[in-house]
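Hi there,

Here is the structure I promised to pass on to you. Have a look at it first, and then read my notes below.

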Amino acid sequence: MKSKTSYFNKTIFMKNLTHFWPIWVSILAWNLFIMPFMIYNASIQYAAGNRDYLSQADMMQQRANDILSLVQVYAEPILIFIFAVGAAMAVFSYLYNSRAANAMHALPVTRIELFLTNYISGLLFLLIPQLVGFLAGTLVSAMCGYTSMNYLLTGLLLAWGSSFFFYSFTVFVAMFTGQLFAVPIFTLILNLLFVGCKTILNFLMSYISYGITLRIQRGRWDFLSPLFYISGKVNLNWDYSSEYAVCQGITGLDTIACFALVAAALVIFAYLVYRKRDMETAGSLISFSFVSPIFRWGVAFCVGIFLGVCFNAILEPQTPMSTFVVILVFTVVFGTIGFFAAQMLLEKGFRVFQKKRFMECGIFLIVLLFLLAGIELDLFGQEKKVPDAAEVEYAYIDSNYIAGGSDSETIDQIIKVHRQIISSKKEFESFLYRPKTRYEDRSSAPYCYTTIQYNLKNGSSLQRSYMVPIDRSDLENPDTVFGQMAELNIKPEMYIKYLFCENYDEIKMLSGTFTTETDDENYEAHDLSTEEAEKIYQAVLADIREGNFKEYIYNRYFYDEEYDQSAFVDTISLEFSCKGEIRSVFGGYSRTVYGYGASQTGYSDIGFDRNCKNIIAALEDIGVIQSEADLTTFDQQVQKE
């Protein structure tokens with residue numbers, strides 16, 4: 001009679017179930033708390049509160065919002081990641097002790113039987129409690145009058161998919177190490193490795209590359225850091241176009257489905273690695289020798305660049321070349337230290353200074369030097385990178401003021417300015433970092449910190465920041481960078497959008513405040529009614545369109561004598577509402593909602609000068625001042641003091 005090959009061992013499964021019960025009981029307790037208990041608690045809050053002002057449809061939508069908020073917590077990727085790592089560490093813990101590993105593999109079971117039994121055990125620690133939480137939550141929802149059961153099912157699928165991936169990923173990583181404490185560390189590192197390396201390189205380039213800023217943003221390759229990527233995809237989908245925020249569902253199901261397919265492949269690879277794993281590596285940091293160079297280089301790279309940039313920030317070199325030299329020296333020093341420190345961890349000792357390690361470290365340093373030199377010389381084209389106009393959905397430039405838009409004319413103009421800034425690199429740096437004279441401080445150099453950002457049609461964005469030298473003689477010169485930026489800012493539509501929002505024609509004034517200086521050098525605030533705020537608003541629009549803000553915009557770049565003599569200390573603050581989304585000049589949305597059923601509210605603080613005749617006349621008309629003489633310029637304020 002032929003023997004039957006077994007792929008699952010009931011005895012080992014029951015041992016896992018009884019031995020590691022605190023893990024699955026904790027996961028079960030969490031799921032029961034967040035689903036049935038919190039759903040029931042929410043229903044009690046509705047029963048206790050007075051919501052007679054809500055219609056039946058609004059009440060149902062609010063309840064759906066509650067369910068979705070709980071579903072988001074129930075399917076939270078970070079929590080599931082923690083649970084998955086704990087479950088994998090438990091069921092495969094025998095691999096990290098030589099006696100336990102040898103004893104387990106001495107049993108009359110095959111490796112595939114051991115692997116699958118332990119793998120399934122840990123996976124069920126996650127899936128069964130989530131299923132119980134879902135079923136209990138569904139039952140309580142039905143009893144409490146909630147009708148959005150489909151959201152609970154979506155949450156279960158998200159939780160199951162995330163659990164399957166993170167658990168499989170952890171098991172795969174666990175096969176490559178012989179120390180239990182290394183499993184969560186390596187799993188977390190690999191889940192964030194791509195984004196982490198991108199951040200470190202961005203940190204480096206922000207110091208030695210022209211225009212690169214320290215800014216962490218999502219990109220198309222972020223899926224290589226699963227925990228980071230999935231956390232950004234599993235979100236509630238809010239609709240702000242109505243009078244109150246409406247949650248339309250939860251996103252990320254398609255993303256989780258793709259990662260679940262990856263998880264299936266990881267399970268196969270994990271088993272293949274398990275078959276080749278030598279049980280004698282229990283206690284070693286790395287179970288397979290071919291992974292050791294990757295570990296050494298990875299540690300050296302991260303430690304070298306990170307500490308090199310940190311010491312550069314401490315020393316604060318004053319020129320681009322001195323910055324590069326400081327980073328180069330410290331990166332090489334700390335990279336070497338990191339390389340041999342990693343080898344010490346692998347060897348579990350200090351006898352690591354061998355000829356072959358010195359040769360390998362030398363190769364690593366050559367690669368590191370090439371990388372640094374390539375960044376400094378812009379061999380990778382990061383400094384000259386400018387998107388094509390056809391790729392840009394929205395562009396804006398922030399140079400003391402913000403100007404931008406999605407129309408082709410604005411995008412083309414911003415791209416033109418950007419390219420001119422890039423071509424002026426040597427000129428700008430020679431001016432900003434010129435040697436100081438005996439009586440001159442470098443901080444006195446007149447420049448404008450300028451940020452350019454493109455929101456691209458593929459969902460990514462590109463941002464650059466520069467210090468642009470400014471001079472009054474360039475204001476009316478369209479051939480200069482500063483002249484082009486100033487020309488953008490004085491366009492009436494641009495300045496209106498800057499003060500209010502892109503859809504300013506859809507807003508409605510609510511109230512306002514006019515703040516003025518009194519004779520005793522204190523400030524007095526005058527509240528404006530809706531009608532008075534509307535009158536001021538129309539006056540502001542009139543002054544902008546007549547060009548009366550031109551000198552005020554120009555003077556604010558310099559804050560010099562001309563500004564002090566014409567600009568007023570007195571300010572106007574207007575509060576307005578917009579039914580739906582307030583589209584900001586950044587190309588994004590202001591989604592602050594005050595209270596149930598309230599329209600979205602925005603604020604605008606408005607400064608002005610002597611040229612703004614319409615504003616001054618409106619202030620006189622509503623009676624907050626008698627004449628222009630009641631207003632105080634900055635120069636007059638200084639004289640009072």
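Is Lys348 buried or exposed? Lys348 is exposed, because its relative accessible area is 58%; here buried means under 20% relative accessible area, exposed over 50%, and partly exposed in between (1.4 Å probe, protein chains only).

Before you go on, please note that this is a predicted model, where local features need pLDDT of at least 70, side-chain atom pairs count only at pLDDT 80 or more, and totals for chains, interfaces and linings use all residues. Residues are numbered from 1 along each chain as its sequence is written, and side-chain values use heavy atoms, with hydrogens and water left out.

Back to Lys348: you will find this residue in the loop between helix H12 (320-347) and helix H13 (355-376). Helices (H or I, at least four residues) and strands (E, at least two) are DSSP runs, numbered from the N terminus. Lys348 is not a glycine, yet its phi is positive, at about 55°.

Asn400 is another residue other than glycine with a positive phi, near 80°. Asn400 sits in the loop between strand E3 (392-398) and strand E4 (402-405), and is partly exposed with a relative accessible area of 28%.

Now turn to helix H21 (residues 613-622), where Ile615, Ile616, Ala618, Leu619 and Ile622 are buried. These residues lie on the same side of H21 because they cover an arc of only 160° around the axis, taken from the directions from the helix axis to the C-beta atoms. Among the elements that cover them, by contact (heavy atoms within 4.5 Å), are strand E7 (508-517) and helix H18 (530-545). Just after H21 comes Gly623, with a positive phi of about 90°.

Enjoy exploring!
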